[in-house]
Amino acid sequence: ARSERHARFRASLVRDDGTLLFHADHLVRDSNQDLRLSLNTSILPRGDYLLRIEGYGRGGKLERFAEAKIRVS
């Protein structure tokens, strides 16, 4: 999560049908500048998911930072 533009982040998990499962707001990096988030995928039904990371920009506006696809089987 190395970025000079963002000090705080939001993580969202979205099911492949577009259903939002959760938001984790105002995440901050640790002392190693890593953004850490753990997910217990055993609680998720089988399927495809999108983990979206957004950074809080000026005025609190969210800006796209990164995305990762997750498949639970």
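I began with histidine 6, which I found in the segment before strand S1 (9-15). Strands here are DSSP runs (E, at least two residues), numbered from the N terminus, while helices are H or I runs of at least four. This is a predicted model, so I kept in mind that local features need pLDDT of at least 70, side-chain atom pairs count only at pLDDT 80 or more, and totals for chains, interfaces and linings use all residues. Residues are numbered from 1 along each chain as its sequence is written, and side-chain values use heavy atoms, with hydrogens and water left out.

Is histidine 6 buried or exposed? I noted it as buried, because its relative accessibility is 4%; buried means under 20% relative accessible area, exposed over 50%, partly exposed in between (1.4 Å probe, protein chains only).

Next I checked contacts (heavy atoms within 4.5 Å). Beyond its neighbours within four places in sequence, histidine 6 touches Arg29, Gly55, Tyr56, Gly57, Glu63 and Phe65. With glutamate 63, the link is a side-chain to side-chain polar contact at 3.5 Å. For that term I used a pair of N or O atoms within 3.5 Å; within protein, one must be able to donate a hydrogen and the other to accept it, and residues adjacent in sequence count only if both atoms are side-chain atoms.

**The whole protein**

I then stepped back and listed 0 helices and 4 strands, in the order β-β-β-β. The C-alpha trace spans about 35 × 25 × 15 Å along its principal axes. Of the 73 residues, 27% count as buried.
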